[in-house]
Amino acid sequence: MLPASLDEAVTALAASPAAVPVAGGTDLMGAVNAGLLRPMALIGLGRINELRGWQYQDGTAQLGAGLTHARMGRPDFAALMPALAEAARSAGPPQVRNAGTLGGNIVTADPAGDTLPVLAALEATVTLVGPEGGREVPVSHLLTGLDPMRGGELLGYVRVPLLHAPQVFLKATGRTGPSRAVASVALVLDPGRRAVRCAVGAVAPVPLRPLEAEQWVSGCIDWDGDRAIDPAAAAAFGEYVAAACVPEPQPAGLPDSQPDGMEGGPAAAAARLRRTVSVLARRALGRALK
Amino acid sequence: MTLPSSSGDDNNLTAPGPGVRQGDPGSATGAALGGGTATAATTTATTVGGGTLTQPRIPAQVAERGEGADGTEAAEPVGLGTSPIRADALAKAMGTFPYAADLWAEGLLWGAVARSPYAHARILSIDYGPALAIPGVYAVVTAADLRLGPTGQPDGAPSGPIVQDRPVFAADVVRHFGEPVAAVAADHPDTARLAAAAITVAYEPLEPLTDPEAAFTAPPIHPDGNLFRHQPVRFGDPEVVGDVVVEGLYKVGRQDPAPIGAEAGLAVPRPDGGVELHVASTDPHGDRDRAAHCLGLEPDRVRLVVSGVPGATADREDVGFQVALGLLAIRTGHPVKMALTREESFLTHPHRHPALLRYRHHADAEGRLLKVEAQLLLDGGAYAEVSSEALAAAAAMAAGPYVVPHVFVDAWAVRTNNPPAGRMRGEGSLQTCFAYESQLDRLAAALDLDRLEIRRRNAMSTGDLLPTGQAVTCPAPVSELLDALAAEPLPPLPVDQPDDEWLLPGGPGGAGDPAAVRRGIGYAVGMVHILGAEGADEVSTASVRVSGSQASVMCTAVDTGTGFSTLARQIVQDVLGITDVYIAPVDTDQPPAGPSARGRQTWVSGGAVERAALMVRHQLLQPLAMQFGMSPELLTISDGKITSYDGVLGMPVLQALEGKDLWATAQCRPHPTEPLDSETGQGDAFVGLAFCAMRAVVDVDVELGTVRVVELAVAQDVGRALNPEQIEARIEAGATQGLGLALMEDLVSEGGRISNASFTRYRLPTSLDAPAIRVVALLEERDVVAPFGAKAVGAAPATVAPAAVAAAVRAATGRQVNRLPIPAEDVAL
Ligand SMILES: Cc1cc2nc3c(=O)[nH]c(=O)nc-3n(C[C@H](O)[C@H](O)[C@H](O)COP(=O)(O)OP(=O)(O)OC[C@H]3O[C@@H](n4cnc5c(N)ncnc54)[C@H](O)[C@@H]3O)c2cc1C
């Protein structure tokens, strides 16, 4: 089925509740090909033009769920939502970015989904459209399962505030080419509220917000001046974020008990992850305040 | 038994796709059946959709020689030492080259395998009733359907290249995660998978043995015990002590060959009760013999036809896959096709041996090596496979390409409940290269010596002894390789470049910060042995035929992507002066050429092709020489013309042939080797050695622990460059594979359960990870005993690259870097 409008799609889904919506198919078809999923029917969302674009709406941007990563990575989009653009540019190889969509990334809700920490930091909301009409849900409620998607609903739009201030997304991976995030950090400045908002991706099932660290660092910034920050404060912010988001490594015996620098084990890996998050958060703050 | 197609006539063959030559693997004739004893062929294998493609067929051979449609010949060099492009390059680039997964036969069924969810468990019962009850399921087979064991009970028909211990289906105990327990044939691939999942197996989980160090004391997990082999090497005086002593413990992870195409194949039953297997085998005769043995058939009733091989770096498939396929075909009387999922592929095919290596190097104050002590432990996984062979290489080459008067090694290969390990470029020698080269870096640091200088001071050369007592008789240009690297300018630092044009570790738009990036330079040199070792009968047979203006080569050396077919063509062009050379497809009706592994085909099969071609040449020239009244040696053939040395007399080849067909068959068998002594490790175990030196330049983000390899510079000992471009391609492939092991590739076993059997989780180097690979020298010092004087080229760069990358990371960070792949926590400061 290839509905041409969101309404048609919702109707089609209501008519065949076992059907599965497919946008770019970059997540879904992998599961189908691996035999993990055998959908009775597919509802292709690719022809729904209203979902493929974005528009302004009183101080916010309303993003169609069908926006591809490639589209979000373009300069016009990046000028307004730089962190989301950076996340989109870093998601997979070009073939995947040409097909994969914002909506698919959210619904898949992979812990390493790159747009998720950005949406969390932006405190974005999503519009879920079902047979009874639409409802607006904070993205964090959707991801944590506090307010999950209901049967027969489609993800229509994502609303993000336009903050007109620096935003950064940084992703640490295990190779130079496109790869899953080991950890990612999204950081946005909200000068209107004199706030720094930050979310850490890939280290937990959902993006984590280090609220105390955000609050603390917001107080360290000279909002009326050049928005500079002392490097020591930026480093402390990194540590603060990491401590909040990555559990303390459990030392497995003495660190020196391994011979010849054969340091290893889960404790070392956890310590490493903490350090990675700390460096990412510090660098993100530094780039935002540059 | 229903036979999908009653006759073997060629009318139901669909034409191959563009770029596929008639007779190539997967082309209609290449995959066509009906050889051997079954003259009435049962069915026809062709490629999917081959006939529906509308583009005109591009004859690869013509396109390759650069002949236009009008037949005008573009001048392309032919023969040895030139670099003609591969005959299959066009088809592969256009996506029309047929691989095993593209095979098709009328009325085929689909196979699927039921696998163990445990790394170690006892099978209490198997109930396949639920699977058989599913509509569309034709057959379920288990160990009970295979040849029975010596006691008359099913034992899963264990087989193996050296030790016969790996069952096709586990009979009583499963010993690794993903081990096959049953297989299903059904009319649809989904049905087959569903049915495989419906087979109910009652298991009693047993404690998995996954730590190779525990294998010595753990209860045996197989009746043969947990030790595959212990190989000591005792060379010199154990009491010697050096002025400087450095020690290290090194660890190498589990690399997967990760072929681009997962295992797939087609089996077709034969009227004589046998079966024809169309699979991407790299050892057709070996696999045929083992498959026949497991099926309880005479080898003559199993015919193996090699289809297009989608990637192999030595071993590719386990024979169990082929046997399961064949058994289902025999059982159902239908052709059966099976294509493994990527996850299954990761679980079943052989991996690189994970290793733990403990070293102590003694040197004098000038940095000359006195003594090397080493303890090497290879994790062979659940079954023997070729672990004892890899172990011999590891033990014998434990000290590296250096002159060391006293060497004491103990090497063990053990059985664990991890997935079986096998051959992968440089098996055994790669692991030790990482360790001994790391040790040399430590020694250089301890003595405050230049890292190239300490290697030069100890470099091996022709005439020196290996720790096995074998004299190195082939060229061993270790110093020359190091000199070539030393003379090579370094890649520029990105100082004058804007930061955003600098490809940082972590990639474009990544988290890399130029302020935290440090550059490091590392060197490594290493060696591999060529051909099978320790008395293996290395032999290959080839036939060459000349008929009209075309020559044909019949040789069952599988071109796994190594370019052997191109080489065979070049050899014949060189010897016979005929440019149009046809390479026949490979099946087991022809004499064996042995496995395409251990860098052997250039030597044995290349040698056999050359000999056969020379015999044909003699047949061609002898009568003419008589006629001209001169010896055949004074005649040359080129451009289809025979000419006397003085250019006075001449005759076209076609005329000299007088309409005759000339045939010759020849074998090539290198000088014999002997096993290593089981107590001293002494013995002339190797046919030849090849050397490679590499310089790695890396950028490291020392805060995040991310690494990008900027450049690999390679100097390699090739004996003679038979096809320089092909060699560079092999070096690029090997070096990139080595880089993958150094930085990211590791198949993770968590209590025996493989947790990253997918390409999202098992990271391979992408084009952004692959650095500039510069071949700075191909040293051509001919090996007089090798055909053409050439050495194998694929394994050496893969062996040395991990050590070179590790050395560069060490230089950039000052950290020890003792583990491969190098974890971020071993890199960051
Ligand atoms: C090689 C590769 C690399 C990748 N790398 C990355 C990466 O680096 N970072 C990253 O974040 N992701 C990555 N991905 C994952 C994937 O590309 C993204 O998650 C992408 O955004 C998914 O979008 P899609 O349109 O393809 O989703 P689909 O596959 O079409 O759908 C995914 C799921 O969402 C549902 N769905 C889609 N749209 C809607 C809608 N409007 N309403 C309701 N349900 C919907 C589908 O039913 C399905 O369950 C990678 C994937 C591949 C194959």
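1. A:Arg283 and B:Asp513 form a salt bridge, with 3.9 Å between the closest N and O atoms. The term stands for a side-chain nitrogen of Lys or Arg within 4 Å of a carboxyl oxygen of Asp or Glu. Between chain A and chain B the count is 5 salt bridges.

2. The model is predicted: local features need pLDDT of at least 70, side-chain atom pairs count only at pLDDT 80 or more, and totals for chains, interfaces and linings use all residues. Residues are numbered from 1 along each chain as its sequence is written, chains are lettered from A and ligands numbered from 1 in the order in which they are written, and side-chain values use heavy atoms, with hydrogens and water left out.

3. How many residues of each chain are in contact? On chain A there are 27, in contact with 42 of chain B; contact means heavy atoms within 4.5 Å. The two chains bury about 2,700 Å² between them, 48% of it on carbon and sulfur atoms. Buried area is the accessible area (1.4 Å probe) that two parts lose on being put together, summed over both.

4. Across this interface the rule finds 13 residue pairs in polar contact, both residues at pLDDT 80 or more. A polar contact is a pair of N or O atoms within 3.5 Å; within protein, one must be able to donate a hydrogen and the other to accept it, and residues adjacent in sequence count only if both atoms are side-chain atoms. On the side of chain A that touches chain B, β8 (167-172) and α12 (265-288) of chain A each supply at least two residues. The largest share of that side, 10 residues, comes from α12(A). Helices (H or I, at least four residues) and strands (E, at least two) are DSSP runs, numbered from the N terminus.

5. The ligand has 31 residues around it, and A:Pro21, A:Gly25, A:Thr26, A:Asp27 and A:Thr101 come nearest; a residue is near if one of its heavy atoms lies within 4 Å. An oxygen atom of the ligand lies 2.4 Å from a backbone N or O atom of A:Pro21. For side-chain N or O atoms, the distance to a ligand oxygen is 2.7 Å at A:Asp27 and 3.2 Å at A:Lys171.

6. On its own the ligand has 980 Å² of accessible area, and the protein covers 84% of that (Shrake-Rupley method, 1.4 Å probe). In the shell around the ligand, α7(A) gives the largest share, 4 residues.
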